[in-house]
Amino acid sequence: MGSRSKKSTAFIADRPVVVRAIETFDFVVIGGGPAGSAAAITFARAGQRVLLAEAVSSVPSKIGESLPPSVHPLLRDLGVASRVEAAAHLPCPGTVAAWG
């Protein structure tokens, strides 16, 4: 069980973060990317208290990071499809992998 207590200091991405309130969490999810965000939403919908910890508030696009079309049903189920679409990301028509 994760917790935060009044006036304690934590370090996230080498920056001090002062925690101001007493809160207890059932789950602490580290990383606000697609997988971490999906996990946090799923736990919260199940009635769990969740802290989603992300080191930075805005990350520039990274080459190689994409969400294939097969993820769209999951985005709809999570209730975030319209927000992802509104962010005007470049579309990913699919992926191709070759081994050997």
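From the N terminus on, the elements of the chain follow the order β-β-β-β-β-α-β-α-α, which amounts to three helices and six strands. Helices (H or I, at least four residues) and strands (E, at least two) are DSSP runs numbered from the N terminus. The model is predicted, so local features need pLDDT of at least 70 and side-chain atom pairs count only at pLDDT 80 or more, while totals for chains, interfaces and linings use all residues. Residues are numbered from 1 along each chain as its sequence is written, and side-chain values use heavy atoms, with hydrogens and water left out.

Of the 100 residues in the chain, 13% are buried; buried means under 20% relative accessible area, exposed over 50%, and partly exposed in between (1.4 Å probe, protein chains only). The accessible surface of the chain is about 8000 Å², and carbon and sulfur atoms hold 59% of that surface. Such areas come from the Shrake-Rupley method with a 1.4 Å probe; for residues, only the protein chains shown count as cover. Among contacts (heavy atoms within 4.5 Å) with a separation of 6 or more, 32% join residues 24 or more positions apart.

The whole structure contains one aromatic pair. Phe27 and Phe43 are stacked, at 3.9 Å centre to centre and 0 degrees between the planes. Rings of Phe, Tyr and Trp (its six-membered ring) pair if their centres lie within 6.5 Å; planes under 30 degrees apart count as stacked, over 60 as edge-to-face and the rest as tilted. Because Phe27 belongs to strand β5 and Phe43 to helix α1, the pair ties together parts that are 16 residues apart in sequence.
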